[in-house]
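The following note concerns helix packing and chain contacts.

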Amino acid sequence: MKDRIAIKSAPCNGQEMIDLMKLLWPINRSISGDGLRETLKILFSFFEDSKIHEVSSGTKALDWTVPEEWKVKSAILVGPENEIIADFKKNNLHLVGYSIPVDLVLELEDLLEHIYTLPDQPEAIPYVTSYYKKTWGFCISENAKNKLKQGKYKVKIDSSHFDGSISWGELFFPGKVEKEVFFSTYCCHPSMANNELSGPCLATAIANWIRQKDNYYSYRFVFAPETIGSAAILESKKDYLKENVIAAFNLTCVGDERDWSFLPSRQENTYTDKVAKYCMDAFLGSYTEYSWLDRGSDERMYCAPMIDLPMVNVMRTKHGVYPEYHTSLDTIGNVVTAKGLQDSFDFYKKMIDVIENDCVPTSLVIGEPQLGKRSLYPNISKKGSNSNTRNMVNLISYSDGKKSLLEIAKKCNIPFFTILKELNTLVNNDLIEKRDLNL
Amino acid sequence: MKDRIAIKSAPCNGQEMIDLMKLLWPINRSISGDGLRETLKILFSFFEDSKIHEVSSGTKALDWTVPEEWKVKSAILVGPENEIIADFKKNNLHLVGYSIPVDLVLELEDLLEHIYTLPDQPEAIPYVTSYYKKTWGFCISENAKNKLKQGKYKVKIDSSHFDGSISWGELFFPGKVEKEVFFSTYCCHPSMANNELSGPCLATAIANWIRQKDNYYSYRFVFAPETIGSAAILESKKDYLKENVIAAFNLTCVGDERDWSFLPSRQENTYTDKVAKYCMDAFLGSYTEYSWLDRGSDERMYCAPMIDLPMVNVMRTKHGVYPEYHTSLDTIGNVVTAKGLQDSFDFYKKMIDVIENDCVPTSLVIGEPQLGKRSLYPNISKKGSNSNTRNMVNLISYSDGKKSLLEIAKKCNIPFFTILKELNTLVNNDLIEKRDLNL
Amino acid sequence: MKDRIAIKSAPCNGQEMIDLMKLLWPINRSISGDGLRETLKILFSFFEDSKIHEVSSGTKALDWTVPEEWKVKSAILVGPENEIIADFKKNNLHLVGYSIPVDLVLELEDLLEHIYTLPDQPEAIPYVTSYYKKTWGFCISENAKNKLKQGKYKVKIDSSHFDGSISWGELFFPGKVEKEVFFSTYCCHPSMANNELSGPCLATAIANWIRQKDNYYSYRFVFAPETIGSAAILESKKDYLKENVIAAFNLTCVGDERDWSFLPSRQENTYTDKVAKYCMDAFLGSYTEYSWLDRGSDERMYCAPMIDLPMVNVMRTKHGVYPEYHTSLDTIGNVVTAKGLQDSFDFYKKMIDVIENDCVPTSLVIGEPQLGKRSLYPNISKKGSNSNTRNMVNLISYSDGKKSLLEIAKKCNIPFFTILKELNTLVNNDLIEKRDLNL
């Protein structure tokens with residue numbers, strides 16, 4: 001706990017996100033339990049207002065039921081010569097998530113039914129869970145498995161399952177309007193970096209940035225165990241969110257430098273899809289565009305039929321695509337870097353800036369206005385004299401009250417933040433007013 | 001008539017369709033008359049319930065008027081040396097359809113005005129009719145014509161026109177619902193195989209298959225003289241058909257092995273168009289896609305403005321495209337084969353299976369359901385463990401009550417009959433219900 | 001004035017447009033004043049009914065205000081050795097439009113602040129105006145400027161600004177219906193040929209052609225100073241025009257032979273856009289397609305948000321694109337030719353013919369009609385016998401009361417004037433009626 005108290009404020013850049021990630025790294029997280037609670041407590045220590053919700057075991061959450069809470073004191077697998085094969089204390093990936101308590105001596109043959117490895121990645125410990133079926137198991141490297149000899153193995157898992165609760169946390173920053181931008185991320189994975197400490201660390205940095213500025217929209221960040229957490233959140237807030245969320249992002253796999261990835265919402269053409277695609281096209285060199293069929297995170301819940309929040313995933317390398325995914329090789333340095341996190345942070349800030357500044361520019365005059373009398377246009381007309389004002393007159397021409405600034409930017413092929421400056425000039429001259437998007 | 005009584009039941013495969021075609025071959029069919037009636041009688045001998053309608057000469061049928069009935073006892077053209085040039089008894093194509101009675105002796109020059117040949121296909125006897133203008137003529141090969149010498153020719157056509165009727169037949173198999181799938185085919189052509197004995201023979205086989213199974217939709221098959229028959233059918237049933245037909249096919253040129261052809265409905269995007277295009281894309285190697293501008297059969301009536309039944313043509317080689325079309329060369333063996341008919345039969349059965357099983361899958365739960373507790377999903381979650389359930393979860397994800405199963409199959413790139421199996425599993429688990437298509 | 005009285009009637013071809021252009025050439029036009037009035041008077045001398053509107057200085061016109069009227073008696077720039085550098089009498093481009101009166105002796109250095117040249121086109125005198133800011137200046141060639149020596153320069157501009165008016169002219173030819181086709185052109189440019197005497201000369205020729213024939217639609221032609229004129233017209237007639245204009249063209253740069261150019265309306269898909277694009281595709285070899293972002297003439301007003309007349313520009317080489325644009329090099333012969341004007345005239349007549357003849361063909365019978373009994377179809381049916389009637393039956397098939405003749409022509413790939421002939425035959429046979437377009 002020494003290192004942990006060293007961090008006093010929310011991360012503001014890539015290196016500080018790495019520092020936070022290191023602090024959170026050793027905690028044993030699962031979809032319930034003290035590891036999850038401790039993680040939320042550290043993340044929320046940076047904010048005055050935050051809320052941690054406990055949802056009791058047995059509670060119905062959409063089609064799901066909140067499982068028993070799981071607690072592990074220790075878990076160890078000892079070989080015939082008393083050598084330690086796997087110790088939960090050394091790496092919390094060694095234990096299959098939600099393993100039941102066991103105290104057994106076994107022959108190798110019987111043990112192997114409870115051993116998980118990755119034959120194609122012989123050095124990696126896989127990440128395995130069994131939340132809803134009572135079983136137990138150890139995860140080790142294929143190399144380690146290959147060294148196991150005949151003999152008696154001792155298995156001792158000191159875990160317990162009991163009526164408790166799952167936990168999820170919430171940060172909310174009210175803006176000028178109730179309509180909100182929604183971020184979800186999950187905190188149920190043990191020690192892995194890109195999937196999934198990068199998500200909560202970036203969410204914390206974004207929330208901290210949002211907190212310090214005036215916002216038009218409200219912003220909500222939820223930190224929850226994957227799947228069951230989003231089901232619980234939707235069970236309690238579905239109607240409110242459907243009414244108020246204008247854009248939504250699932251934050252996962254946002255810490256590496258290898259790629260950028262876009263995964264659309266189920267409906268494919270929501271406002272969030274448009275903003276994200278525009279920003280990726282405008283601000284990134286290239287990126288991989290996935291389809292809804294490639295999904296695999298909480299968007300499964302948030303975009304489900306009859307819910308359909310406008311949620312997209314803007315990721316670096318997608319889950320399931322990079323080889324270290326869901327293994328002990330998904331580490332800081334090996335996969336996640338300060339630069340990767342920083343670039344993700346910068347890109348999300350740009351998307352938020354677009355959302356905050358997008359509007360429906362609406363002309364206040366009929367016909368093309370006389371810009372010259374407002375000193376917005378050269379008074380002497382000669383060949384080529386109007387070339388510097390093309391962006392402005394094009395913006396005016398499309399300010400018909402039907403198109404968003406983002407759509408006009410695309411139509412005119414003018415970068416968003418360039419056309420925004422023109423818009424502000426015209427608003428200051430009472431030529432155009434900004435109307436709310438119809439979202 | 002010996003051969004004819006030999007067939008006791010409807011054809012079930014390509015060879016049996018060939019046998020039926022041979023039985024029907026020699027009958028002199030036209031748009032009215034006993035040949036048409038005999039053909040219908042044979043076809044309907046395989047079914048308990050069928051209906052033959054007679055529509056009297058002079059009856060108005062949309063913009064058309066039912067013509068007089070035509071009867072031919074004999075027709076012969078004899079040359080100067082008493083040689084027989086053309087005898088209706090030998091080939092009913094020799095006589096121009098609806099020829100008036102004639103008993104004349106003519107010079108060659110005068111005769112030639114009544115002789116039809118195909119200079120580009122010198123061995124073929126062309127198929128010529130003149131239903132609505134009183135004239136007469138003989139059709140012979142260009143080779144035969146070239147051998148005609150100067151001299152006196154005797155023409156004797158023992159035909160009559162009289163107030164009678166045209167005939168059309170109807171098979172109807174009620175399903176669970178009144179909405180129906182409609183098949184039209186025509187029986188007005190004399191001895192030609194692909195255009196047009198292949199149509200009624202395949203229609204009979206399909207009807208026989210439909211009869212023997214439980215169907216969701218009702219099925220109607222009409223066998224009629226081309227053009228005037230469909231006009232008469234629409235005159236009496238237009239409003240009912242517009243209300244109830246959800247898919248419609250015109251069966252013509254379905255017996256050769258040379259090609260597959262698609263001719264869309266006038267509206268191009270009806271439900272039948274979608275089913276047919278999907279099946280052709282999914283189940284055929286390649287095919288020729290025609291436009292509505294290439295039409296030429298009863299779809300001209302059924303798809304006309306203000307009627308607009310959703311009718312397409314799925315053909316083998318299209319009428320007008322293959323060289324033997326409308327000549328004496330359009331024969332069994334030369335054009336039509338048992339395999340050609342069988343493959344057409346198989347393909348139509350697939351289209352019907354798609355129509356029968358298509359529906360609007362609608363999720364009964366909110367959010368992604370918990371498949372694990374229903375044993376539909378691996379309870380132990382490890383890297384790659386969900387790859388076998390992708391089809392199922394993709395289907396669930398799109399079961400929003402707005403998309404048909406066919407649309408979902410296309411969206412997910414899953415073969416229709418594969419996704420259908422997944423759907424049935426989910427229906428059995430009360431996760432999805434099948435709703436009716438909105439057609 | 002001798003030459004001027006020589007022209008007694010409106011131009012009917014390219015050469016007569018050139019003659020008219022020569023007559024108008026020397027007149028000093030601006031956005032107000034006697035030059036503009038004299039131009040309108042000459043153009044309207046060919047028509048019985050015409051109207052010249054005067055709009056007083058200070059009048060509000062949309063966001064604009066009508067400026068003072070401008071009158072020039074003389075303007076001369078004399079060099080140190082008494083040589084004449086620029087004389088308004090020799091070329092009215094020498095004087096910056098709306099220059100204030102000046103009587104000064106200046107050093108070269110001070111003079112140069114009021115001298116306009118085109119360094120890239122050293123032989124050309126540029127066209128410069130300053131309507132809304134009080135200043136003065138001379139336009140000379142870069143070559144002439146380079147010869148100026150140190151010394152005293154005499155500037156004498158005998159001009160005046162006073163409360164007067166701007167003028168615009170209007171020709172209106174009522175048709176069978178009140179709905180109208182609208183042409184705008186501008187008459188405010190001094191001696192330049194393509195931009196902008198070609199516009200009013202072609203407008204006069206088109207108006208003269210329209211006058212002599214029976215028209216279904218009404219036709220309006222406005223001749224006005226650019227920008228302020230269209231603002232004044234819209235100020236007084238906006239609501240009427242929005243209600244009644246079904247197609248609109250801005251006539252500018254229509255006299256050269258170098259290219260054809262299309263500039264769409266702001267909404268891009270109005271009826272005028274469709275007609276113009278169809279005709280350009282069908283009747284021209286090739287053309288340059290510009291976007292709304294490339295606009296630069298009165299369409300800026302007529303297509304502005306909340307006005308949105310369906311106005312396009314069909315030009316030869318677009319303003320701003322050809323090098324002589326807005327310089328003394330934009331002359332008859334150098335840029336504009338009799339053939340250029342004639343070809344433009346012919347093309348506009350074709351577009352008008354399409355508009356006059358377009359309609360919604362609507363079948364009067366249900367189902368495909370029996371063409372044979374109306375002698376529109378061969379009564380003897382043999383292979384290939386219907387090939388000559390494909391256009392007719394295709395037209396019938398699409399006459400569902402939902403598609404315009406132009407849309408059907410495109411769908412059937414039949415030239416408009418070919419399908420029009422088929423339509424007239426069918427109308428004469430009471431098979432189809434022409435309904436009004438829904439514009």
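1. A crossing is termed left-handed if the near helix is turned anticlockwise from the far one by less than a right angle, and right-handed if clockwise. By this convention, α8(B) passes α10(B) in a right-handed crossing. Helices (H or I, at least four residues) and strands (E, at least two) are DSSP runs, numbered from the N terminus.

2. The model is predicted: local features need pLDDT of at least 70, side-chain atom pairs count only at pLDDT 80 or more, and totals for chains, interfaces and linings use all residues. Residues are numbered from 1 along each chain as its sequence is written, while chains are lettered from A and ligands numbered from 1 in the order in which they are written.

3. Helix α8 (residues 271–283) and helix α10 (residues 338–357), both of chain B, have axes that come within 10 Å and cross at roughly 125°. Axes are lines fitted to C-alpha atoms, for helices over the stretch in contact, and angles run from 0 to 180 degrees between N-to-C directions. Val275(B), Ala276(B), Cys279(B) and Phe283(B) of α8(B) meet Phe347(B), Lys350(B), Met351(B), Val354(B) and Ile355(B) of α10(B), contact being C-beta atoms, placed from the backbone, within 7 Å. These residues comprise 8 nonpolar, no polar and 1 charged (Ala, Val, Leu, Ile, Met, Phe, Trp, Tyr, Cys and Pro count as nonpolar, Asp, Glu, Lys and Arg as charged, and the others, Gly among them, as polar).

4. Helix α11 (residues 390–398) of chain B packs on helix α13 (residues 416–428) of chain B at an angle of about 75°, the axes being 10 Å apart. The two helices, α11(B) and α13(B), are therefore roughly perpendicular to each other.

5. In α6(B), 16 of its 19 residues are buried, that is, with 20 or more other C-beta atoms within 10 Å of their own C-beta, placed from the backbone (12 or fewer: exposed; in between: partly exposed).

6. Chain B gives 23 residues and chain C gives 19 residues to their contact. On the chain B side, α7 (228–244) and α9 (299–302) are the elements that give two or more residues. That side of chain B divides into 16 nonpolar, 3 polar and 4 charged.

Terms used:
Two residues are in contact if their C-beta atoms, placed from the backbone, lie within 7 Å. Angles under 35 degrees count as roughly parallel, over 145 as roughly antiparallel, 65 to 115 as roughly perpendicular and the rest as oblique.
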